[in-house]
Amino acid sequence: MASRVKVVVPPGSGSSVNGPYPESLVDVQGTLYFATTLVDRSAVLWRSNGTEAGTVPVKSFPPAAVGDPRMTGLVPVGNKVFFRLEDPGTGRELWISDGTGAGTHLVKDVTPGPEGTRFAFTAAQSGQLTFIREWAFAPGNPQVEVWRSNGTAAGTVQVANFGTLGKLHSPSMLGNTLLFFLETPDTGTSLWRLDGTEAGPLHLGTFGPLATDRYTSFEVGNARLFFVNTPGQGTDLWRTDGTPAGTSWVKKLDAQAVPITQTGFAGNLGLFLLMDGPNTEVWKTDGTPGGTVRLETFGKFVQLLGALNTSVYLYSMDPSTKRLRIESVSLAGGGKTSVTTLPNPYADQEDAYPGVQRIATSGGKLYFSVAIGTSGPAPREVSLWASNGTAAGTVQLSHTLSTSDEYASPLFPTGTGPVIFVASKSGSGIEPWFTQGSAATTGQLAEIRPGVGSSNPDGFTRIGNRIYFRAADDTNSFQLWSMPASFSCPAGLAEAK
């Protein structure tokens, strides 16, 4: 089901989870582009159509005394790809490629000389690349500049210079609009936008302490929502659609509560949590005052697991029993219900506290991995669970996910129903598996590295009807692998043990 596309890292380079390996996989109008940086700091930009013959180096860069990774930050813009590359003479600067060696070149030495540019944010906008540069103009207070590039030196220009006006927070794209905050201790936090045209930056408002380095903003409908937390006045929810008229106060949430850095979604609704002393409040919002509602309050710390149908699911850990409890509330409000409590076979052991490691939603089910802790950084066991929101429908699919403190098993929804994860079975290492939420539909995708060695697959990226990823195989290096995005579960699958 899964097969190697091509050897792109020299055999014998090693299978450490720290690489080297194919990275920064991106989709450029249906063609896969990715980078490799080897241990000698040589680097290669690749493109691939998914076949061995069609996976070719675009441009190679010889070894150099530079940082790791040398090539990173691939961003598709039209039929070209921008990337950042570090060279001794220029430092880390912006490059572009049209997929040919001749068409791959340095765009501009934005920070002249070997110092290199600090790219705080990059994104495609209106057929060009927009990036935010932070320059250490003053110690601890960098100068913030916004640039735009069409891929040429002459067309790479600064469109805004905010000087040392404030500390940059939470740059993000809302459709084709760039939004970001600048925080200053004296004047509060200002919200700015650039729309990708020749027009300069537009100031959308100034707020009190925003703490956007801790509190997540999130997109609902055509707006980005964010929290303003004012000491002594509580937390307010604001929204912006990128225009002055569309930047407005939504609702005062609570006089005392503060947001938790965790948000989720239920269809077209945003979900978020507030902490009010020892209590956790669960909220939903559609971005309007009337549609921003507190659903329920828990007298303990709970976290979001996700939403299914008309319910929101949350989990909490009981420190006295060392077990995870799953509960639900209705999206209509109230209806607090205990779903189930997960077993912990190590509950009698010291530091064996469970915690949720990764979460995914696919095919009407919630998938989550649970790690049982130890006194060290590595968990003693990691298990995969699936739930349809009922006690009977909450099942353990595997208890052999990666227990490395450097590599957590990914959960990757294929977009066609199955979820990819990694686990081991008796006599083998960590390999790619898939599931549709039951033991009968859980099986191994491939034994990429036969024997007790682990392939440690990661970096799953879907492009068209295929999923690409990296995996350590019989070359004793990480190579580029792929599999169909759509597949049926074969009969007679062996459950991961």
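Start at K300: at 26% relative accessibility, this residue counts as partly exposed (partly exposed lies between buried, under 20% relative accessible area, and exposed, over 50%, with a 1.4 Å probe and protein chains only). The model is predicted: local features need pLDDT of at least 70, side-chain atom pairs count only at pLDDT 80 or more, and totals for chains, interfaces and linings use all residues. Numbering runs from 1 along each chain as its sequence is written, and side-chain values use heavy atoms, without hydrogens and water.

K300 sits in the loop between β25 and β26 and E327 in strand β28 (residues 323-330), so the pair ties together parts 27 residues apart in sequence. Strands are DSSP runs of E, at least two residues, numbered from the N terminus. E327 is buried, at 5% relative accessible area.

Next, select L314. Among the residues it touches are L273, V282, F298 and E327, not counting residues up to four places away in sequence; contact means heavy atoms within 4.5 Å.

Move to R133 and E145, another salt bridge (2.8 Å, N to O). R133 is buried at 8%, and E145 is buried at 2%.

Finish at D195 and R193, paired at 3.1 Å, N to O. D195 and R193 are buried.

Key: Salt bridge = Lys/Arg side-chain N within 4 Å of Asp/Glu carboxyl O. Helix = DSSP H or I, 4+ residues; strand = E, 2+ residues; numbered from the N terminus.
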